Amino acid sequence: MRPLPPTTIHLCLDMQRMFARDGPWPTPWMERVLPNLVRLCERIAERTVFTRFIPPLRATDMPGMWREYYRKWPNVTRQRLEPRYLELVPELQRYAPPAAVFDKFVYSAFAGGRLATWLAERGVTTLLITGAETDVCVLATVLAAVDLGYRVVLVTDAVCSSSDEGHDALMQMYTRRFDVQIELASVDLGLDLLHTRA
C-alpha cells in the first residue's frame with residue numbers, strides 16, 4: 001500500500017453515546033475498537049473529522065421512508081432521547097477541538113454537500129475511514145466517497161457494527177468488488193503509512 005499523503009483526513013463516523021453499551025442503539029463491540037480510534041486521534045487529531053448522527057425531533061420532520069423508520073424507532077427521536085446520547089463518546093470527545101465535528105441527519109456523511117465542500121477547501125484527497133456502523137453509515141459514506149473520487153482507506157480494526165454477519169459480509173464485498181477503489185488497512189499499518197508521509 002502506498003504511503004498516506006499530507007492531504008489525508010481521518011473521518012470517524014458516529015462514535016456517539018447513543019451507540020455505546022448504555023445507549024438506545026448499542027453497538028456491542030464499539031468498546032473493542034475504541035482504543036484503536038484513540039491511537040489514531042492522538043496522532044492526527046488536527047486532521048480528524050467526527051460525524052454525529054442526529055435524529056429528527058419527531059418522525060414527521062423527515063421525508064418519505066425516513067418517517068416510517070422513526071415510527072419504528074420513536075425512542076431515538078429528539079422528542080424522547082436525552083441530548084447527552086448525541087454526544088461523542090468521552091474517549092473521543094476530548095479531541096474535538098482540534099478535530100472538526102459535522103452533524104448529519106441521514107446515513108452518508110456526504111449528504112447535503114457540507115463535508116465535501118469543507119474537504120475540497122482543504123485539498124483533501126485521501127480518507128482514512130473509521131467508526132460505526134460498518135454496514136450502515138460507514139457503508140453509505142464509503143460508497144459516496146468512492147463516487148466523489150477520494151482515495152478511501154477503511155481501517156478494519158477501527159470500524160464496528162451491531163451485526164457480525166453484516167460486518168463480515170461488507171468486508172468481503174469491499175475486498176472482492178471494490179479492490180481498486182477501497183483499500184483495507186489495520187490501525188498499525190495506517191499509522192506506519194502516515195509516519196512515512198513527507
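1. In this predicted model, one aromatic cluster is formed by Phe-19, Trp-25, Phe-53, Trp-66, Tyr-69, Tyr-70, Trp-73 and Tyr-107. A search of the whole structure gives 12 aromatic pairs.

2. The pair of Phe-53 and Tyr-107 is stacked, with 6.4 Å from centre to centre and 20° between the planes. Phe-53 belongs to strand β2 (residues 48–53), whereas Tyr-107 sits in the loop between β3 (100–104) and α4 (114–121); the pair therefore ties together parts that are 54 residues apart in sequence. The two partners may also be described by their accessibility. Phe-53 has a relative accessible area of 2% and is buried, while Tyr-107, with 28%, is partly exposed.

3. Tyr-69 and Tyr-70 make an edge-to-face pair, in which the centres are 5.1 Å apart and the planes stand at 85° to each other. Tyr-69 is partly exposed, at 24% relative accessibility; Tyr-70 has a relative accessible area of 1%, and is buried.

4. As to the overall architecture, the protein chain contains 7 helices and 6 strands. Along the sequence these elements follow the pattern β-α-β-α-α-β-α-β-α-β-α-β-α.

5. The overall dimensions deserve a separate remark. For 198 residues, a compact globule would have a radius of gyration near 16 Å, and the value for the protein chain, 16 Å, agrees with this. The C-alpha trace spans about 50 × 35 × 35 Å along its principal axes. Of the 198 residues, 52% count as buried.

6. Contacts between residues at least 6 apart in sequence were also examined: 78% of them join residues at least 24 apart.

7. The surface and the charges may be taken together. The protein chain exposes about 9,500 Å², of which carbon and sulfur atoms supply 53%. There are 23 positive and 23 negative side chains, and the centres of these two sets lie 4 Å apart.

8. Ala-132 is part of strand β4 (residues 126–132) and counts as buried because its relative accessibility is 1%, where buried means under 20%. Apart from neighbours within four places in sequence, Ala-132 is in contact with Leu-13, Asp-14, Met-15, Cys-137, Val-138 and Cys-160. The C-alpha atom of Ala-132 is also separated by 6.1 Å from that of Ser-161, which is 29 residues away along the chain.

Definitions and conventions: Residues are numbered from 1 along each chain as its sequence is written. This is a predicted model: local features need pLDDT of at least 70, side-chain atom pairs count only at pLDDT 80 or more; totals for chains, interfaces and linings use all residues. Side-chain values use heavy atoms; hydrogens and water are left out. Helices (H or I, at least four residues) and strands (E, at least two) are DSSP runs, numbered from the N terminus. Buried means under 20% relative accessible area, exposed over 50%, partly exposed in between (1.4 Å probe, protein chains only). Contact means heavy atoms within 4.5 Å. The radius of gyration is taken over C-alpha atoms; the globule rule is 2.2 Å times the number of residues to the power 0.38. Accessible areas come from the Shrake-Rupley method with a 1.4 Å probe; for residues, only the protein chains shown count as cover. Lys and Arg count as positive and Asp and Glu as negative; His and the chain ends are not counted. The place of a charge is taken as NZ of Lys, CZ of Arg, CG of Asp or CD of Glu. Rings of Phe, Tyr and Trp (its six-membered ring) pair if their centres lie within 6.5 Å; planes under 30 degrees apart count as stacked, over 60 as edge-to-face and the rest as tilted.
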